[in-house]
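Please look over the sequence and the structure before reading on.

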Amino acid sequence: MIINELAIEGAFLVKREPNRDERGYFARFYCEKEFQAAGIQMEIRQMNLCVNKQKGTLRGLHFQKGTHAEDKVVSCTRGVIYDVCVDVRESSPTYLKYCACELSEDNGNMLFIPKGCAHGYVTLEENCQLLYLMSEFYAPEAAAGYRYDDAAFGIEWPLTEGLVISQKDKELPFINC
């Protein structure tokens, strides 16, 4: 695995290094030793699978508050997504900044999103599938989020027309700094 720090404090781009042969490939998806060597301390408590049928499906920006705050590792196992991490930690030197990267099965990129950061993505193809590793159990009472188009973040989404967004995500608040 290749693990590189991103512009958001505590966020990392994790790249799988596949061993390929005529059958396909084998790659580590998670290695506690390699994560720890990069300064990432994460216990995995939950894994989630998300399937998105339509290109332009936008989800987010989501996070959990308080004692339920979670680290996550996001991987796209089918299709291509534009994945975004937004720092909403008021005490952070990268507060209100975001970093983004393209995740796909082919490029082997994964995004490590630290506690206190919001997460969102847009699918760039039909039939995208994501796998999440989570450091905490989902707690509905701690679920929070902000609008994907909040000007305070200035996210430059690669798709802006014909987006498929849930009513719940459309009703998320702006951060109002």
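What does the accessible surface of the chain come to, and what percentage of it belongs to carbon and sulfur atoms? In this predicted model, the accessible surface comes to about 9400 Å², and carbon and sulfur atoms account for 48% of that area.

The chain holds two helices and 13 strands. Its radius of gyration is 16 Å, close to the 16 Å that the globule rule gives for 177 residues, so the chain is as compact as a globular protein of that length. Taken along the principal axes, the C-alpha atoms fill a box of roughly 50 × 35 × 30 Å. Of the 177 residues, 50% are buried, and among contacts with a separation of 6 or more, 79% are between residues 24 or more positions apart.

The largest pocket has a volume of about 550 Å³ and is lined by 28 residues, of which His62, Lys72, Tyr132, Tyr138 and Lys168 lie nearest its centre. The lining divides by class as follows.

| Class of lining residue | Number in the largest pocket |
|---|---|
| Nonpolar | 13 residues |
| Polar | nine residues |

Which strand provides the largest share of the lining? That share, six residues, comes from strand 6.

Methods: Residues are numbered from 1 along each chain as its sequence is written. This is a predicted model: local features need pLDDT of at least 70, side-chain atom pairs count only at pLDDT 80 or more; totals for chains, interfaces and linings use all residues. Side-chain values use heavy atoms; hydrogens and water are left out. On a 1 Å grid over the protein atoms alone, a cavity is a set of points where a 1.4 Å probe fits but cannot get out, and a pocket is an open set with protein on both sides within 12 Å along at least five of seven lines; lining residues have an atom within 4 Å of a point. Grid points are joined across faces, edges and corners, and a volume is the space filled by probe spheres set on the points. Helices (H or I, at least four residues) and strands (E, at least two) are DSSP runs, numbered from the N terminus. Ala, Val, Leu, Ile, Met, Phe, Trp, Tyr, Cys and Pro count as nonpolar, Asp, Glu, Lys and Arg as charged, and the others, Gly among them, as polar. The radius of gyration is taken over C-alpha atoms; the globule rule is 2.2 Å times the number of residues to the power 0.38. Buried means under 20% relative accessible area, exposed over 50%, partly exposed in between (1.4 Å probe, protein chains only). Contact means heavy atoms within 4.5 Å. Accessible areas come from the Shrake-Rupley method with a 1.4 Å probe; for residues, only the protein chains shown count as cover.
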